[in-house]
Amino acid sequence: MSPIDRRMFYHVNWRLAGLLAALFAIGVLNLYSASGVRLGEGVQMENYYQKQFIWGAIGFLGMVLFMIFDYRRLHSAAWPLYAVTLLLLLAVPLVGKTVLGARRWIDFGLFNFQPSELAKFTVLLLGARLLSGGSEKLNLKELGSVLALGFLPAILIIKQPDLGTGMLVLLLLGGLVLFRGIQPWLFRTLCVLVPLVMPLFWFVLKDYQKRRILSFLDPATDPLGSGYHILQSEIAVGSGRLFGKGFLGGTQSQLRFLPEKHTDFAVAVFGEEWGFFGMIVLLSLFCGFLYQIAAVARDAKDPYGSYLAAGVFFYFFWQTLINMGMVMGLVPVVGVPLPFISYGGSATIVNFCLVGLVLNVSMRRYLFKQT
Amino acid sequence: MKNLLSASSQNMPKHGAALLQFLVLGLFCLFAIRLWYLQIHLGEVFTDKSRNNQLRIEYLFAPRGFLRDRNGELLAVNEPAFALGLVREDCEDIPATLEKVAELTDIPLERLKEIYARNKPKVKSFEPLVLAPDLTFDTIAKIEGVSVRWPGLEILSRTRRKYNYGHLLSHVLGYVSEANEAEMQADPTLSLGDFVGKQGLENRLDDRLRGTKGKRLIEVDVTGRRLSEEQQGEPKAGQETFLSIDLGLQQLGHRLLEGKSGAVVVMDPDSGEVHALVSEPSYDSNMFTNGLSSAQWAQLRDDPLHPLQNRATQSVYPPGSVFKLVIAAAALHYGLVDPKETVNCSGEVALGSHVFRCWKHSGHGAVNFQRALVESCDVYFYRLGMKLGVDRMSAFAKAAGFGTPTGIDLPHEKGGLIASKEWKLKRFGVRWTKGEDLNMSIGQGYTVTSPLQVARYIGAVINGGRLMRPALIKGEQPQVTGQLPLTQEQADTVKRAMVATVEDPRGTCHRVLTPGVVVGAKTGSAQVVRLTEELRRLGDNVPYRFRDHAWMAGFGEQGNKRFVVVAMVEHGLHGASGAGPVVKAMLNALFMGKRELPPQDVAGAAEPAASPAARLEAVETQFPEPPQPLPPAFVEPPRQEVTPE
């Protein structure tokens, strides 16, 4: 079979693609505003929005690439990829590059590579493969093996330290497990056990991570320290009120009171400038986007495709929940970007590729089984 | 694990899809509610906070209004001063910087640390904290030289109040000093290092002199860098104010009293404007602008001569025979005296077992109303006092403005005391005695008045009975605060008697006779202690602190021009010799333009000695010889002239 079937082109999920385009457009537009820094002599523009556009273009190519082949071929790639990922993660502490106190990157000469980005994809593939196999709800043994496979890379990532990505890996896997469904008695046990085990994580956390959590619980204790991010972000979003301060009019961002305004707190810039009205539109677009992915998972031709789509769903869902929750002061500060809105090269490319994977599953939903 | 891998791949999750849709719905609801809460419910709060982030308010300095005397002479101006400030946000190492500052300015490090700790909570971010208020040019040059290596140090250009005649007018002008915590709390436009009036007119006219600061809204970014400025209101300089004080007259009064303690008041009886208000000893108003050291402050405060005290308004003294002018007027008012009727003065009056003596032990013989004032006959007034009784005396004295402050624009004015039966019973639990009537009638006993009150009363006697509020600002609408309960005729009777006191060769005030000017006056020698026989035998050699206070209250009239002059010299011994020359010199200056010192009988003071004790000693030894009684003469005042009372 030729990889590209003419019929498939008509089956592309244009709604999902359209929502992706809308989110990306808003993201670039918002980065344009977030790039402005007002100085005494005028507004100085940084070029984040241009770079983001280029990442988006590369991402688009990646997305097309991820649509061409039949997704079922990935089934066999899961284990080798898992092995490579673990090796790279183990290599990071030895040969990795230290940036801002965290050792997350491996320098390949031409480009810097972040193995933790790969880990998310690997866990997604492996989770889809493992969980699409069983017939009944998961039992303890199955659950244990799946989680053990997830914990291995997660611990390595948290130790880098990169709490956000590490948690995301676990949450993604957890989401997939819930998607499959587990034995009711197991579910109940976990509901009791997890809150008991959670405090143990406290001892794994670095000092700055502990401070972030404490200041989230009470931002006023240290308004200029760890609480600063949350406070300034809430001020930015809150002062947007109903219709916002207008495009390029946000004082919190332009005068740099808002930290990390290109990356983790980019959506706060949007909230400040477009207000409640703009934020509801953006939130609706995100929910529409997630809904479309959920629909693909529901309508997929086979369980593997369904699990792949569900994995991507959780990948975006957790990031949206954590990032927006953080910006609105509902979640402690963790370095999780908002897909398509936050600036970031590798993240943008990965996001496009994963949407490509979902579109892949979606457009092949009417094909007859060939194997 | 094997079974997972090999399992059939034909099971679609049953509830999975529903779970995903539920999650999407939950996400939307959670964030929509949170957004509503932040942006709509708390929107206003966060808008305020964002404006707080973005905007700083800067107040623009308004120069303090100049003060001039009535002829336009500058009394208080502003001069540039340079202070050393520290902007903490720009400073890299505060302890090290403080050490450097200590080295550059010679201020001890402990003191700098203390200043820093004290001011730290008061200074807003990016505002300089003043470490040293007044820098010399040498120090400025040294600091500028190293400022590149010590970020955060800033030379602040400010203005400082400068009093051109610091010693001369300190009791009138008062002084300014840096605003304290409470003042800054009360007025948000005041910031650290701003000057506010603390004493005298500077205090009373503070609102008018301080002007209005301009306001500037500054947009800053997170580093405090200024991005834009918006002016909201220009600074408005404080109002320049012309005082009623005549600098030349003030200067003269100051020199006349040099080395003594006392006060001089010159007042226009018609407008109430005060042309001179001298209080000696004085201090230099400039001392306060840069902050006194505690040693300087202690020296001022503990000086036994109390230089901080304004003796014209804040000190009250027994008025002595000056008070006879009040008793005489009271007797006229109550119709208890016929001015033509005479009383025989035998030199004493007996009341019960106690004998009250006239100052002239041999007696004045037959004295009528005018003669009693001219020669200050005590016996005549003892009899008036017996007739009037305390209640009428005190009622009239109060109506004449005694016992209450005059309302002059100076802080902490004293009202003095006019006793009454009720007052004594309440204060001491003892009833008023008849003998106290007699004491009161010659201005002794409990009665105390300030020199300014006496001036106001004399003014009312000659201006038709109007009690004027003494004014220190030139050209203000005169304020009448009361009316003497005297008919014009009665007032004229008192006035005529005062004139006779000067013009009659036997009059106690004959020495202040001034050619071409109608002068009226009355002396007073107020006992400070009850004289024992031992002290009395010493005559004029009594120790300084037991000597009588010398008073002279008078007026001069020439055409439309008339002035009240009151002089009070603490422990000046005799009214005529102690205070008379001061009045005479003032009258000369007022009416004859002679602004020089009279012959040395008053201005004999040596250079003021350094320590308060030495100064007291100097004052005590000022009268080396007992004054010799000589016949009064006008043209050439003799060296030591005494008109005893």
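Contact here means heavy atoms within 4.5 Å. These views come from a predicted model, in which local features need pLDDT of at least 70, side-chain atom pairs count only at pLDDT 80 or more, and totals for chains, interfaces and linings use all residues. Residues are numbered from 1 along each chain as its sequence is written, chains are lettered from A in the order in which they are written, and side-chain values use heavy atoms, without hydrogens and water.

**View 1. Chain B meets chain A.** Here 47 residues of chain B are in contact with 64 residues of chain A. Together the two chains bury about 4900 Å², 69% of it on carbon and sulfur atoms; buried area is the accessible area (1.4 Å probe) lost by two parts on being put together, summed over both.

**View 2. A salt bridge across the interface.** R34(B) forms a salt bridge with E234(A), the closest N and O atoms being 3.0 Å apart. The rule (a side-chain nitrogen of Lys or Arg within 4 Å of a carboxyl oxygen of Asp or Glu) finds two salt bridges between chain B and chain A.

**View 3. The sheet of chain B.** Have a look at the three strands, which form an open antiparallel sheet in the order β1-β8-β9. Strands are DSSP runs of E, at least two residues, and helices are runs of H or I, at least four; two strands pair if DSSP finds at least two bridges between them. β1 (55–60) and β9 of chain B each have a single partner strand, so one side of each lacks a neighbour in the sheet.

**View 4. Close-up of β1(B) and β8(B).** These strands pair over six bridges, and R56(B) stands opposite I218(B) in β8(B).
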